[in-house]
Amino acid sequence: MCGIVGILSNKEVTPTILDVLKKLEYRGYDSAGIATIYNNNIKRQRAKGKIENLIKLINQNDLPGKIGIGHTRWATHGIPSEDNAHPHHVGSVVGVHNGIIENFREIKEELSQKGYKFYSETDTEVIIQLCSYFNKQGLNNKDAFLKTIKRLEGAFAICLMFKDDEKKLYVTKRSAPLVIGYGESDIYVGSDAVSLTNLINKVIFLDEDDVAIISQKETEIYNRIGQKIKRKKKSVEFNNEVINKGNFQHFMLKEIYEQPEVFTYATSSFINFKQQKIDMIHKFNEFDHINRIILVACGTAFYACSVAKYWFEKYVKVPVEIDVASEFRYRDNSFGKNEYAIFVSQSGETADTLAALRKVKGKVKKIISIVNVIESSIARESDFILPIKAGPEIGVASTKAFTAQLAVLACLTIYFSNRRGLLSKKENSELIDSLVSTPRIMSKILSKTESYKGFAKKLMKSKNALFLGRGILYPLALEAALKLKEISYIHAEGYPSGELKHGPIALVDENMPVICFAPYNDLFEKTISNVEEVLARNGNVLLITDEKGYCSLSSHEFPIIKLPKFSNFIEPIIYAIPSQLIAYYTALFKGTDIDQPRNLAKSVTVE
Ligand code: F6R
């Protein structure tokens with residue numbers, strides 16, 4: 001996490017660095033800072049909290065310079081404070097860093113024994129101290145930088161400047177994102193390409209352990225064994241309109257309302273309307289021999305994988321293993337040559353998911369990634385990329401990316417099922433039709449939000465909440481609980497409805513809101529029995545069901561939200577919308593920071 005930026009220009013850089021930092025704020029917002037070099041002096045301003053605080057500071061104290069670096073922090077080592085804020089500065093070196101230096105204690109110890117004093121609790125400071133030490137030992141800037149990087153273990157993207165060199169940026173990356181962007185006359189470094197929208201038209205994506213020394217004249221790049229190499233500049237195109245809130249109060253709300261359109265867009269790459277079938281850009285030649293599918297992701301993306309497990313098992317009849325990446329990467333798991341591994345990630349940069357992908361490389365038949373950012377590391381390291389095309393998701397809590405991930409996974413389900421000859425023509429058409437009808441149903445739900453607001457007004461007073469779902473709705477109960485806790489800070493748990501009686505029911509009393517997802521399907525009656533158990537203990541039930549479910553209930557004496565009619569296949573996609581609305585309005589009424597909830601960041605590039 002953390003966002004970094006560097007600019008080499010012919011004009012003042014501070015205003016642009018601030019603009020880019022605002023766009024990178026999704027990566028962390030515990031503190032922010034900028035350093036420039038002006039007349040061979042390092043100038044620096046840092047502030048605790050969001051970029052706004054830094055802007056206020058800079059408005060009072062000018063930060064001149066035509067070369068500069070900036071940082072927005074998600075704290076890993078050391079509390080959010082000005083001392084721990086980047087850029088860090090020692091001697092003639094100043095730098096910013098995203099990632100974790102795993103051997104920082106060892107280096108700190110060595111330097112401390114040589115008499116070096118540390119002013120912060122960060123791992124980043126050791127990079128700067130070490131580089132400054134090598135500088136003082138007589139190494140020139142380039143050699144000091146290279147020697148420093150050789151000592152570092154962990155994951156990092158680094159951008160440094162040296163006081164005596166107003167013309168160069170020194171950068172490197174290992175398991176953390178970093179791009180070099182080229183504009184008309186200026187050169188940029190950034191944690192992602194989107195933050196450099198409007199500034200660049202060409203970009204270089206560095207490979208692992210590449211080191212780049214960037215000047216206006218040349219970008220010198222060295223690979224991990226120190227050979228000078230060339231990396232291709234690629235053209236980039238941006239759709240500018242999407243990165244503003246429009247008339248919405250929050251990015252999250254805008255993104256919730258974008259879902260009908262995003263869903264259409266996500267499925268349109270796959271649905272062949274003329275032949276009423278699902279097409280894939282890739283041939284998946286090996287699929288006929290595949291005997292297991294492994295799905296790995298983190299957070300909300302993991303819940304998308306959990307839904308896919310139900311779909312793949314039901315329609316593709318293939319064994320499926322799912323796991324959260326942080327567990328998967330360290331487990332003693334075994335893989336087979338006839339397996340597909342699918343990695344799902346909005347950002348495509350999540351460190352645990354990337355590490356899990358690297359773990360299976362060469363051990364499974366093929367790696368598929370389902371990502372929003374197609375230039376991301378996870379996409380670049382997989383055999384097949386299936387883009388979700390959700391557009392930039394700025395709200396930290398994932399909404400439209402989740403339903404777009406489900407869109408792609410649903411298309412994959414239908415495609416794989418047909419490849420195995422498991423769907424009749426009629427079934428195939430019904431499944432495709434249900435996907436086509438999804439945006440309309442989403443819009444219908446989004447056009448009437450009064451009942452969600454009414455429920456949220458009560459929920460905001462609670463300290464806890466339980467979400468229940470059965471079968472394919474169980475992952476949605478988990479996702480709804482995650483959404484609520486992330487943005488409203490209310491403690492929430494998701495449970496399979498049938499598990500309630502094995503423990504959690506002890507929590508149920510008149511103060512416990514229990515939100516139950518009950519679409520009218522094979523498990524409806526069983527779910528309603530679980531609701532009865534909660535009602536019998538005075539629990540505060542909110543039932544979310546559909547028209548059929550509503551009509552078949554014998555009692556309507558508790559709050560019920562009735563959804564329109566839709567097919568069973570798309571249940572998990574449709575229920576995502578009520579989950580998001582409940583969380584959003586609860587947070588809104590509580591007055592929390594919805595787009596940037598405390599302690600979180602959008603792209604989790606640390607372990
Ligand atoms: C929750 C949320 C996170 C992400 C998770 C994975 O609202 O956004 O749980 O889903 O950090 O991120 P990606 O999809 O970028 O790998």
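**Notes on aromatic pairs and an open sheet**

1. At a relative accessibility of 10%, F384 counts as buried; here buried means under 20% relative accessible area, exposed over 50% and partly exposed in between, with a 1.4 Å probe and protein chains only. This is a predicted model, in which local features need pLDDT of at least 70 and side-chain atom pairs count only at pLDDT 80 or more, while totals for chains, interfaces and linings use all residues. Residues are numbered from 1 along each chain as its sequence is written, and side-chain values use heavy atoms, leaving out hydrogens and water.

2. Searching the whole structure gives 24 aromatic pairs. Rings of Phe, Tyr and Trp (its six-membered ring) pair if their centres lie within 6.5 Å; planes under 30 degrees apart count as stacked, over 60 as edge-to-face and the rest as tilted. F284 and F384 have ring centres 4.8 Å apart and planes at 70°, so this pair is edge-to-face. Because F284 lies in the loop between β17 (277-278) and β18 (292-297) and F384 in strand β22 (residues 384-387), the pair ties together parts 100 residues apart in sequence. Helices (H or I, at least four residues) and strands (E, at least two) are DSSP runs, numbered from the N terminus.

3. F284 is buried too, with a relative accessible area of 1%. Next comes the pair F467 and F517: the ring centres are 6.2 Å apart and the planes at 55°, so the pair is tilted. F467 sits in strand β23 (residues 464-469) and F517 in strand β25 (residues 513-517), so parts 50 residues apart in sequence are tied together. F467 is buried at 1%, and F517 counts as buried at 1%.

4. One aromatic cluster is formed by F284, F287, F312, Y340, F384, Y415 and F416.

5. Two charges are worth a look. The charged end of R598 sits over the ring of Y489, 3.8 Å from its centre, and that of K457 over the ring of F589, 5.0 Å from its centre. The criterion is NZ of Lys or CZ of Arg within 6 Å of the ring centre and within 35 degrees of the ring normal.

6. An open sheet has 8 strands, paired antiparallel in the order β3-β2-β4-β1-β10-β9-β11-β15; two strands pair if DSSP finds at least two bridges between them. At the edges stand β3 (41-48) and β15 (234-235), each with a single partner strand, so one side of each has no neighbour in the sheet. Strand β2 (residues 31-38) is joined to β3 by 8 bridges, and S31 stands opposite K48 in β3.
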